[in-house]
Amino acid sequence: MNKTLLFVTVLVIATCGLIYELIVGALASYLLGDSITQFSTVIGGYLFAMGIGSYLSRFLEKGLAQRFVEVELGVALVGGFCAPVLFLTFAMTDVFRVAVYGSVLVIGTLVGLEIPLLLRILKDQVKFKDLVSQVLTFDYLGALFASVCFPLFFVPKLGLVRTSLLFGLLNALVGLWSTWLLGPVLAHPTRLRVKAVALSLLLLVALALGDRLTAFSEENLYADEVVHTSTSPYQRIVLTRGKRGFSLFLNGNLQFASVDEYRYHESLVHPAMVRGGSVERVLILGGGDGLAAREALRYPEVQSVTLVDLDPAITGLATRYEELARLNHHALSHPKVRVINTDAMKFLAEGEALFDVVIVDFPDPNNFSLGKLYTTGFYKLLKRRLAKDGVAVVQSTSPLYARRSFWCVNTTLKAAGFWTEPYHALVPSFGEWGYVMVAHEAPPRRRPLPEGLLFLDDGTLEGLTRFPPDMGPLPAEVNRLNNQVLVHYYEEEWRRWN
């Protein structure tokens with residue numbers, strides 16, 4: 001029995017086990033939102049299941065090598081197909097949460113069996129103190145490798161489905177080579193080899209068809225035809241096209257629909273632009289699709305538009321994907337526009353230049369990494385970069401569906417020292433949507449709306465600040481970095497509508 005290869009086996013199975021855990025956690029956060037909750041419950045459930053597996057190993061008395069190989073093949077089957085199965089479960093059934101935690105329980109239990117079985121197989125070959133230290137060393141090295149490579153390489157290069165299938169194949173090959181490593185103590189090595197080869201071929205075929213499996217899953221996930229998909233280190237990007245135009249989804253969440261995005265973007269940009277003391281220097285935070293930039297460029301006084309978006313995949317798509325580039329009037333290729341791919345908080349903290357108008361167009365605060373961009377800390381940085389007579393606007397989720405969340409944004413902006421003016425507009429693809437305009441002090445109307453707008457005119461603009469009783473102010477805590485109360489409000493309120 002080659003002990004070195006068995007320790008390499010430990011490294012591989014530790015890597016595979018953590019990869020499956022990360023895949024399920026990422027999928028749950030993509031499709032359910034609230035990444036902190038999803039990863040916390042998936043990790044906790046996975047560790048609990050590993051404990052169950054470790055406990056159950058005590059009841060295996062005979063044929064330990066045989067059981068080890070069978071466990072490897074079981075992990076390969078369940079772990080390898082977990083991503084495509086979970087995608088389809090979300091798209092076609094109402095039991096996605098059950099499937100998530102069921103897969104966590106099964107995979108975790110099987111992985112929990114692996115190390116105890118290996119320790120017992122090797123106990124007569126290696127001194128106990130050396131055995132435990134070496135096995136755990138390779139186990140932890142595998143976990144480190146998986147945790148580093150998963151976000152940096154596997155997700156952006158392969159995507160979740162192909163990563164799942166690739167590591168399933170790797171697990172199956174571990175099972176196959178284990179039939180030779182453990183050959184002297186296996187009762188039926190040939191039978192196990194046939195199973196391992198069959199499973200490896202199945203996973204290899206699925207891996208070759210990985211893009212088709214992903215496309216099939218996403219076609220069932222979205223109502224319209226999927227015309228573009230890509231995965232960046234930050235998110236899953238999907239474009240769909242239907243009878244009413246095309247739509248952009250990030251991590252399964254609708255960002256805009258071309259049929260009515262003009263309502264959202266005109267309402268986001270123009271109320272601030274017509275009240276800014278100057279509009280020469282415009283800053284857009286988020287808005288990588290270029291649609292807010294399109295609206296800002298309607299003003300001939302604009303000298304520069306600085307667009308800061310974290311993900312170069314989004315700004316690249318908005319520049320190169322012809323249908324989206326036409327929709328944003330090729331705004332990101334305009335000579336007045338400068339695109340910077342960096343974290344918005346870092347950009348505000350590190351610079352000194354002031355801006356006349358700032359348009360904050362982030363996704364909704366459905367997780368804590370986004371929630372930090374709605375805190376007093378972020379808004380104080382924003383205030384520092386806003387010119388004396390400048391005006392800013394923050395997209396602030398729906399005052400109808402997430403009423404307390406909306407007013408929490410307003411409360412937080414006030415706590416940061418801003419004068420605020422909340423307003424809302426109806427965007428059919430989203431429903432009633434809210435914004436908060438801010439400034440150092442109340443700004444007067446300084447310029448007319450540009451020509452050619454499809455939604456806003458002077459009468460409509462005046463009506464945006466009127467709130468009916470079911471969207472009116474509610475008391476809310478200030479959203480700070482150390483409490484992120486807004487994320488909790490948001491999750492609780494939107495859960496009622498989903």
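How many aromatic pairs does the structure hold? The structure holds 18 of them, where rings of Phe, Tyr and Trp (its six-membered ring) pair if their centres lie within 6.5 Å.

1. Basis of the note. This is a predicted model, in which local features need pLDDT of at least 70 and side-chain atom pairs count only at pLDDT 80 or more, whereas totals for chains, interfaces and linings use all residues. Residues are numbered from 1 along each chain as its sequence is written, and side-chain values use heavy atoms, with hydrogens and water left out.

2. Phe154 and Phe167. The ring centres of Phe154 and Phe167 are 5.0 Å apart and the planes stand at 85°, so the pair is edge-to-face; planes over 60 degrees apart count as edge-to-face, those under 30 degrees as stacked and the rest as tilted. Phe154 is buried at a relative accessible area of 8%, and Phe167 is buried at 4%. Buried means under 20% relative accessible area, exposed over 50% and partly exposed in between (1.4 Å probe, protein chains only).

3. Phe347, Phe355 and Arg385. Phe347 and Phe355 make a tilted aromatic pair, 6.4 Å centre to centre with 40° between the planes. Both of these residues are buried. Arg385 lies over the face of Phe347, 5.2 Å from the ring centre. A charge sits over a ring if NZ of Lys or CZ of Arg is within 6 Å of the ring centre and within 35 degrees of the ring normal. The charged end of Arg58 likewise sits over the ring of Phe59, at 5.5 Å from its centre.

4. Aromatic cluster. One aromatic cluster is formed by Tyr264, Tyr401, Tyr423, Phe430, Trp433, Tyr435, Tyr490 and Trp494.

5. Seven-stranded sheet. An open sheet of mixed pairing has the strand order β7-β6-β5-β8-β9-β11-β10. Strands (E, at least two residues) and helices (H or I, at least four) are DSSP runs, numbered from the N terminus, and two strands pair if DSSP finds at least two bridges between them. β7 and β10 (419-427) are the edge strands, each with a single partner, so one side of each has no neighbour in the sheet.

6. Strand β11 and its partners. Strand β9 (residues 386-395) runs antiparallel to β11 (residues 431-439) and is joined to it by five bridges; Val391 is partnered with Ala439 and Ala392 with Val438. On β10, nine bridges pair the strand with β11 in the antiparallel sense, and Leu426 stands opposite Glu432. β10 and β11 form a hairpin with three residues between them. Nine of the nine residues of β11 are buried, so the strand is largely enclosed by the rest of the structure.

7. Four-stranded sheet. The order β1-β2-β3-β4 describes an open sheet with antiparallel pairing. Its edges are β1 (225-231) and β4 (253-257), each with a single partner strand, so one side of each is left without a neighbour in the sheet. Four bridges join β3 (residues 245-250) to β4, among them the one between Leu250 and Asn253.

8. Helix α11. Which residues of α11 are buried? They are Ile314, Thr315, Gly316, Leu317 and Ala318. What covers these residues includes β1, β2, β3, β6 (304-308), α12 (322-327) and β7 (337-340), where contact means heavy atoms within 4.5 Å.
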